[in-house]
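Please examine the following structure together with its sequence.

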Amino acid sequence: THFGFKTVAKAEKESLVADVFHSVAAKYDLMNDLMSGGIHRVWKRFTIDCSGIRRGQRVLDLAGGTGDLTARFSRCVGDTGQVVLADINSSMLKVGRDKLRNMGILGNVSYVQANAEALPFPDNHFDLITIAFGLRNVTEKERALASMLRVLKPGGRLLVLEFSKPQIELLSKAYDAYSFHLLPKMGEAVLKDGASYQYLAESIRMHPDQETLKQMMEQQGFEQVSYYNLTGGIVALHRGYKF
Ligand code: SAM
């Protein structure tokens with residue numbers, strides 16, 4: 001049946017995503033710097049700047065992985081605030097936790113293994129949720145967005161940082177060539193794992209473009225949804241509010 005097919009496809013995607021991140025966890029940060037030429041740091045800085053974060057607030061860094069955003073938010077919210085790094089993958093969580101502890105970040109951060117589709121937090125709990133390069137990997141994006149809306153406080157906001165659609169045809173072509181040919185080769189050379197980076201390229205191409213993601217957020221009940229293109233739309237930052 002259609003339902004049966006969907007269930008198999010979902011389970012397959014979930015186990016593929018799990019394999020990819022167990023496999024890349026140890027070298028994830030290195031690969032991020034190599035493959036983006038360090039630009040991911042600029043995208044993350046921009047996300048923090050757009051977040052309106054204040055001392056004392058409660059933040060969820062969803063699909064937080066190795067914790068780049070969590071580390072920055074931890075400084076912004078201070079001792080009276082709280083940052084939860086949530087990720088579905090135990091290997092990524094462990095690398096993130098070890099890294100942040102080595103950086104001396106302790107008091108206001110906690111770590112939770114959780115699926116974005118079914119968040120284990122109370123209603124109206126967080127001032128801010130970020131999901132950076134994570135939504136692409138989630139099988140049921142609508143369910144995940146609904147779950148995020150539920151755990152946000154009224155007045156809270158969601159920031160989605162994700163690969164998107166390059167706005168210039170030439171850039172789009174160059175970028176396709178880069179991600180489908182060079183990325184898997186780099187993955188093979190550094191990690192002996194070209195397959196994971198083949199997945200990365202395919203997941204980027206499949207991900208909804210700027211307007212589609214905006215509509216998906218609106219359909220789940222986010223308000224005043226807007227987005228900024230970064231690096232010519234290779235990446236976009238979407239922001240939406242719960243009122
Ligand atoms: N946010 C980090 C960053 O920007 O560097 C990590 C991004 S990494 C590309 C994607 C992360 O999403 C992985 O750590 C993966 O385990 C996590 N992930 C995938 N599916 C998920 C799900 N359904 N729920 C929560 N996390 C998920």
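Where is the place of glutamine 224? In this predicted model, glutamine 224 lies in strand S6. Its phi is near 45 degrees, which is a positive value in a residue other than glycine. Most residues other than glycine have a negative phi.

Strand S6 belongs to an open sheet of seven strands, whose order is S3-S2-S1-S4-S5-S7-S6 and whose pairing is mixed. Strand S3 (109-113) and strand S6 (223-230) form the edges, each pairing on one side only. From one strand to the next, the twist averages 15 degrees. Strands of a sheet pair through backbone hydrogen bonds, either parallel or antiparallel. The antiparallel sense is seen between S6 and strand S7 (residues 235-241), which are joined over six bridges. Within this part of the sheet, asparagine 229 has alanine 236 in S7 as its bridge partner.

The parallel sense is found where S1 pairs with S2 over five bridges. Here aspartate 61 stands opposite leucine 85 in S2. Strand S2 (residues 82-87) is mostly covered, with six of its six residues buried. In a regular strand the side chains alternate between the two faces of the sheet. In S2, Gln82, Val84 and Ala86 point one way, while Val83, Leu85 and Asp87 point the other way, and all are buried.

Alanine 63 is found in the loop between S1 and helix H4 (68-77). Alanine 63 also has a positive phi, near 55 degrees, in a residue other than glycine.

Helix H6 (residues 141-151) lies across strand S1 (58-62), strand S4 (126-132) and strand S5 (152-163), and runs at about 145 degrees to S5. Helix H7 (residues 169-191) packs with helix H8 (residues 194-206) at an angle of about 150 degrees, their axes being 7 Å apart. This angle makes H7 roughly antiparallel to H8, and the crossing of the two helices is right-handed. Residues of H7 in the contact include Phe180, Leu183 and Met186, and those of H8 include Tyr197, Leu200 and Ile204. By class, the contact of H7 with H8 has eight nonpolar, five polar and two charged residues.

Methods:
Residues are numbered from 1 along each chain as its sequence is written. This is a predicted model: local features need pLDDT of at least 70, side-chain atom pairs count only at pLDDT 80 or more; totals for chains, interfaces and linings use all residues. Axes are lines fitted to C-alpha atoms, for helices over the stretch in contact, and angles run from 0 to 180 degrees between N-to-C directions. Helices (H or I, at least four residues) and strands (E, at least two) are DSSP runs, numbered from the N terminus. Angles under 35 degrees count as roughly parallel, over 145 as roughly antiparallel, 65 to 115 as roughly perpendicular and the rest as oblique. A crossing is left-handed if the near helix is turned anticlockwise from the far one by less than a right angle, and right-handed if clockwise. Two residues are in contact if their C-beta atoms, placed from the backbone, lie within 7 Å. Ala, Val, Leu, Ile, Met, Phe, Trp, Tyr, Cys and Pro count as nonpolar, Asp, Glu, Lys and Arg as charged, and the others, Gly among them, as polar. Two strands pair if DSSP finds at least two bridges between them. A residue is buried if 20 or more other C-beta atoms lie within 10 Å of its own, exposed if 12 or fewer, and partly exposed in between; C-beta atoms are placed from the backbone.
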